[in-house]
Amino acid sequence: MSNVLFLNVPAYGHVNPTLGLVDALVKQGESVTYFCTDEFKNEIEKTGAHFISYSKETNPLTKRRKITSEMKIGDFLDQRCEILNSSDAIIKDILDKIKDLEFDYIIYGAMFPYGNMIAQILEIPSISSFAVFATPKELMAQNKGFMDISLLKDHPINDIYKEVSKQLKQSYNVELPSNMLELFFNKGDINIAYTSKYFVSHPEYYDNSFIFIGPPIYNREEDLNFPFEKLQGKKVIYISLGTVFNNTNSELYDIFFRSFANTEAIVVMAAYNVDLSGFDVPKNFIVRNYVPQSEILKYTDVAITHAGMNSTSDLLYNNVPFVAIPISADQPYMAGRASELGATIALDKDKLTPEILKNSVNEVLTNPSYLENIKKISSSFKQTGGYKRAVEEIFNLKKGKHILA
């Protein structure tokens, strides 16, 4: 049995993919200590891991921030300045909480900026979890309005990064990457990508350290308190805009209601922490703050998604036709790549109308080419080996590093 340290970004899109990995490692006898925020405590502990919470007072990553799809790079860089300025306090917090523990290797979310630093300090092998597998270049290309890279040149973050790099080198003898963007795309000795090589658009970016294990399909316990009997024998449309940018475009919900009100379809809509009190919700809609997605997909004929990594992968894996309405972050990449492979229609949220949406939903539902292409991607996912493959590669790393535990 090895002792494993796990550090991650406190966000559903980053934590959820790792739960199946932790579960698989624990079942192989590994002892996992997982750092995150209290919001994720129950789900993490269900895997059998030991949970430790970051200190809210010293870690800006734990702050609830108002995120909008119109956020500009200046706002983003200001947030990153706050994170960089807290580097020493965050590292001290983690090291203090594990001072009486010893670890054989570390796993961290690729976008958790201190994962590789802690690996260097502890001098242990590292595994990086790539929940976002679009490359930095692809993210910038897909978010041109946000990524006005010219603003980066004169921003104070450059001097802050140099100073923090110098200070951490003196305090902990750690080396930060020369390119600051790599701090949020941390690689490890091996890197786990939750997709297939067929799905990524630039496979040359991924060197031999990358392991493609397919989407994070994990049979975790879900709250199944849902009126599934209302879906029996009905055409079901499933709508979800995720949990991050789902509150930034209220006009999208208006379009959903206008598009599918009073139709024969039952529309299941996830609206996580969305205030819909100003809307007259049609009677054929079932709206919930939380929806057991894995179970709902068994009934779904067609879906409308924000094209987040987890949701898109679930739809592709389960052969569900869908229309993508990307909002921000890696969603334009996911929607664009699925569209390139002929698996979906990607729509512009700013030009969307009920007519466009209805026609697109009908097209992916009735044109067999979309389902055929979805099945090709699904097949590539299922050939990767999943979490079992990830565990095998981690154990190969242990063997190569002479970790006997």
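Guide: Helices (DSSP runs of H or I, at least four residues) and strands (runs of E, at least two) are numbered from the N terminus. The structure above is a predicted model, where local features need pLDDT of at least 70 and side-chain atom pairs count only at pLDDT 80 or more, while totals for chains, interfaces and linings use all residues. Residues are numbered from 1 along each chain as its sequence is written, and side-chain values use heavy atoms, with hydrogens and water left out.

Visitor: Which residues have the most contacts inside the largest nonpolar core?

Guide: In soluble globular proteins, nonpolar side chains tend to be buried together. A nonpolar core is a set of buried Ala, Val, Leu, Ile, Met, Phe, Trp, Tyr and Cys residues joined through side-chain atoms within 4.5 Å, and buried means under 20% relative accessible area, exposed over 50%, and partly exposed in between, with a 1.4 Å probe and protein chains only. Here the largest such core has 69 residues, and Leu21, Ile44, Ile107, Phe199, Leu231 and Ile394 have the most contacts inside it. Helix H1, residues 12-27, gives the most to this core, contributing 6 residues. Apart from this core lies another one of 36 residues, with Tyr108, Met117, Ile124 and Val174 among them.

Visitor: What does Ile44 touch, not counting residues up to four places away in sequence?

Guide: Contact means heavy atoms within 4.5 Å. With those sequence neighbours set aside, Ile44 touches Val15, Leu19, Tyr34, Cys36, Ala49 and Phe51.

Visitor: Is His50 buried or partly exposed?

Guide: His50 counts as partly exposed because its relative accessibility is 47%. This residue lies in strand S3, residues 50-53, and it touches Val32, Thr33 and Tyr34, not counting residues up to four places away in sequence. The C-alpha atoms of His50 and Thr33 are separated by 4.7 Å, although the two residues are 17 residues apart along the chain.

Visitor: Which residues in H4 and H7 meet?

Guide: From H4, Ser87, Asp88, Ile91, Lys92 and Leu95 meet Val164, Gln167, Leu168 and Tyr172 in H7. For classes, Ala, Val, Leu, Ile, Met, Phe, Trp, Tyr, Cys and Pro count as nonpolar, Asp, Glu, Lys and Arg as charged, and the others, Gly among them, as polar. The contact of H4 with H7 then has 5 nonpolar, 2 polar and 2 charged residues.

Visitor: How many residues of helix H10 are buried?

Guide: Helix H10, residues 309-317, is mostly covered, with 8 of its 9 residues buried, including Met309, Asp314 and Leu316. The cover over the buried residues of H10 includes H1, helix H9 (293-296), strand S11 (302-305), strand S12 (322-324), helix H11 (331-340) and helix H13 (368-382). After H10 comes Asn319, whose phi is positive, near 60°.

Visitor: What lines the second largest cavity?

Guide: A cavity is a set of points, on a 1 Å grid over the protein atoms alone, where a 1.4 Å probe fits but cannot get out, and lining residues have an atom within 4 Å of a point. A volume is the space filled by probe spheres set on the points, which are joined across faces, edges and corners. The second largest cavity holds about 30 Å³ of space, and its lining consists of Tyr238, Ser240, Gln293, Ala303, Ile304, Thr305, Ser311 and Leu315. Strand S8 (236-240), S11 and H10 each supply at least two residues of this lining, and S11 gives the most, with 3 residues. By class, the lining of this second largest cavity has 4 nonpolar, 4 polar and no charged residues.

How values were computed. 1 Å grid on protein atoms, 1.4 Å probe; cavity = no way out; pocket = protein on both sides within 12 Å on 5 of 7 lines; lining within 4 Å.
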